[in-house]
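Please study the sequence and the structure before reading the solutions.

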Amino acid sequence: MSEMRRVTAICNGTVVDHIPSGRAVQVLKMLRLDIGRSNPISLVMNVPSAKLGRKDVLKIEDRELSQEELDRLALLAPAASVAIIRNYSVAEKLNAELGDELVNIARCSFWNCITQNAREPLPQKLRVVNEDPLEIRCSYCGRGQDMDEIVDNIL
Amino acid sequence: MGDLITMDDLSNKEIENLLDNAERLLPVAKGDVYLPLLEGKVLANMFFENSTRTRMSFETAMKRLGGSVLNFSTTGSSVSKGETLYDTMQMIDGYADVAVIRHPRQGAAQYSADAIEIPVLNAGDGAGNHPTQTLLDLFTIREAHGTLKGLNVVLVGDLRYGRTVHSLSHALVRFGATLTLVSPESLMMPREIVSDLKNHGAEVTETSDFSATIGDADVIYMTRIQKERFPDEDEYAKVAGIYTLSAGDLSGAKKEMVIMHPLPRVEEIHPSVDSTHHARYFRQAFNGVVARMALLCDCLGVKVPKKVK
């Protein structure tokens, strides 16, 4: 049974496909969709995928993801495909793209980083040192950040 | 060169030029020649954390070259009233031509460099980097061995929190040195740094057995286990005084091997080592003046003459 039949088609919104299996909940947190939102969201996990073996899928109704949100998505699911749905049809296909620097996406997790002082006004910056395997460091203190830390420190 | 935050800000060629200029400036550092290359320039020494050698050698370097120095410390400043680093640095941007910063928080130097226009020189940011120390360390090693290439350098002690060894190891592998990292398990070199060193193609050995490394060493670089960097005092107590070196330990050492230490030392090097020909740590501290002179000239766009007399 394909995952498209597990959840009904949406009229308007965004479908995020090819999320690595088990990461959908983190993606929700990363996109800040887990708090204070009223949009219906369908979450499908661990379904068979020709491309990934197993994958997760998210369907977010009545909301089109912005480029900034796609940049966040790229951290957790660089191979994700994103479809903007309008009136039950795919209106746009987008890809998540990881930039060189992530500005004001997450706070550095290191307890002694200068950015831990919330009153310091410069933006939080994380640098993508390597894409595969993904390696991310704080642009100021240079400390490596793992994905769980990034998700926990989302701004 | 503008800012110097980590050794990645300098190419090998730039490092070699700085070391050559430092060598030319030796008679100025000793006070034998007065060369006011930096007359009219102002250095701001922004020390948010204690320092003896770094602050004083920057001050001496600037004054020997005819410049002047503003000394800042957190006591009695607006920092004690809660001023942000950003605001403090904005002020200094208008007062000085170059800023030297030491700060207990890691990343403070890069943050300052992003905040202001004048060049920022990192004089130690928490357990992060200390590139100006690296320049004087490289100068001292080159002075002793005539080269940086192919040497076996043994880094000993607190490799986790020791910012001097973080910067030095990066620079040494770029010049083809072999590194032996000696530390207890709790103070091993951070994984991202070891990964960087290996990505540079460096031969890196990690061990906790210091005595086994002495015979093959060209340079032994001792470091203090820094109590102030430990989040937990019990963890400090477990490793305090773990590696020490006395004159009696050096019988199997190579004749040309030199012992260095960024200082201050506590128990790591017994005073009996001071009178051996291996000891270089006081010379190393003096070399801080020439290395920093060369650096100040470079970041202020002032050329060092080929012949200094």
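**Exercise 1.** Determine how many residues of domain 1 of chain B and of domain 2 of chain B are in contact.

*Solution.* Step 1: 20 residues of domain 1 of chain B are in contact with 22 residues of domain 2 of chain B, where contact requires C-beta atoms, placed from the backbone, to lie within 7 Å. This is a predicted model: local features need pLDDT of at least 70, side-chain atom pairs count only at pLDDT 80 or more, and totals for chains, interfaces and linings use all residues. Residues are numbered from 1 along each chain as its sequence is written, while chains are lettered from A and ligands numbered from 1 in the order in which they are written.

Step 1: On the side of domain 1 of chain B that touches domain 2 of chain B, two or more residues come from each of α1 (12-24), β4 (120-125) and α10 (281-299) of chain B. Helices (H or I, at least four residues) and strands (E, at least two) are DSSP runs, numbered from the N terminus.

Step 2: α10(B) supplies the largest share of that side, six residues.

**Exercise 2.** State the bounds of the two domains of chain B.

*Solution.* Domain 1 covers 7-129 + 287-299, and domain 2 covers 131-285; such bounds come from an automatic or database domain assignment.

**Exercise 3.** Describe the order of the open sheet of five strands in chain B.

*Solution.* Step 1: The order is β7-β6-β5-β8-β9, with parallel pairing; strands pair if DSSP finds at least two bridges between them.

Step 1: The edge strands, β7 (204-207) and β9 (258-260) of chain B, each pair on one side only.

Step 2: β6 (residues 178-182) of chain B joins β7(B) in the parallel sense over four bridges.

Notes: Two residues are in contact if their C-beta atoms, placed from the backbone, lie within 7 Å.
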